[in-house]
Amino acid sequence: MKSSSLLSALTGIILTCASALSAAAPAAAPAAGTASATVTTTAASARAGGTDRTDHFRVTLLGTGTPVPSPARAGYSTLVEAGGQKLVFDFGRNVSVRLWQLRIPLGSVDAHFLTHFHSDHLVGLPDLWLTGWLRPPYGRRDRPMALYGPAGTRALAEGLRQAFAADIAIRHKDEGSALTGITIDAHDVAPGVVYEKDGVRVTAFENDHGDHIRPSYGYRIDYRGRSVVLSGDTRFSPAVVAQARNADVLVHCVTLIPDALLASNPAYRAIYDHLSSPEDAARVFQAAAPKLAVFSHIGLNGDATVGQIVERVRKTYAGELLVGEDLTRMDISLEGRTGTSGGIAVWQEQP
Ligand SMILES: [Zn+2]
Ligand SMILES: [Zn+2]
């Protein structure tokens, strides 16, 4: 069911860098059950493709899950690479594992952004922070960790420093690790432009994650005329629509509660007061018309399936749709942007 829904979800997306990938990755093979023309599994040698190109703009879903401790879907986290910069948005469970699967040293991330303080977006932060400070190739942070988030982010950083004070002191003394790399340069940011460097601009905006979860942010990333919008955790939000209008990629949360489950246990309705149903997401996609709509933070309650999500979205939204998996990657090229694919290449790394 999952693979067939991926197939239908991907219909129409053209793998614009197929030839480059197959040249770099002779072992490239289609992900099981998916269309070879649309989703390709790459070898490690292909992963670095284009990383030093100044127009490089890539989105990687590091974790597409929810609080469910799933081996298949890590906690919610998204990597955006723009030019030579690496930005990570949210830090769910296993964010460090997913980054290192891509052979991205944890300490090489340039800036970190938090949407809100729910634990499924945060439990991976201490790991990313502390492990990224270690000396082996998977770590190696030698500058302060730049962290941006809503009011409370600075306090969070101070709390982490206190909680792990013993580890920090031990490694500093015993291993000679410089304290610069374990310092958190934390910023409480208001909605608006929160980061701007070498043509990469990150804008925070308030979404709608329920009355008691404020502020809760989504982020828009702009780079050389292209844009990616991350909805964050939200129910239907006009702010997401406004930010994502004609964006290249909109990554949106979704949750599905089967009708029977909702009828037998009305307590489930509270979930829809905080997160988007497939119909809510379809409304956003319809109104914003991104070149590619992507699901991440995928909540499957009871016996709900990805196929059912797609089926319900398809009742009202006919545009390009991708149901994300961990390590789904998207390259947004400057070329070919007039075609129906919008110049977005999609492929699936083997998690
Ligand atoms: Zn949340
Ligand atoms: Zn969440």
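Among contacts in the protein chain between residues at least 6 apart in sequence, 67% link residues at least 24 apart, a contact being two C-beta atoms, placed from the backbone, within 7 Å. Please keep in mind that this is a predicted model, where local features need pLDDT of at least 70, side-chain atom pairs count only at pLDDT 80 or more, and totals for chains, interfaces and linings use all residues. Residues are numbered from 1 along each chain as its sequence is written, while chains are lettered from A and ligands numbered from 1 in the order in which they are written.

**The whole chain**
- The protein chain has twelve helices and 17 strands, taken as DSSP runs numbered from the N terminus (helices: H or I, at least four residues; strands: E, at least two).
- Of its 351 residues, 48% are buried, that is, have 20 or more other C-beta atoms within 10 Å of their own C-beta, placed from the backbone.

- S5 covers residues 85–89, and four of its five residues are buried.
- S4 (residues 77–82) runs antiparallel to S5, with five bridges between them; strands pair if DSSP finds at least two bridges.
- Leucine 79 has valine 88 in S5 as its bridge partner.
- Two residues lie between the strands of this hairpin, where glycine 83 adopts a positive phi near 60°.

**On to S6**
- Three bridges pair S5 with S6 (residues 111–113) in the parallel sense.
- Here valine 88 has histidine 112 in S6 as its bridge partner.
- Together, S5, helix H4 (residues 95–101) and S6 form a right-handed β-α-β unit: with the strands pointing away from the viewer, the path from the first strand over the helix to the second runs clockwise.

Methods: Buried ≥ 20, exposed ≤ 12 C-beta atoms within 10 Å, placed from the backbone.
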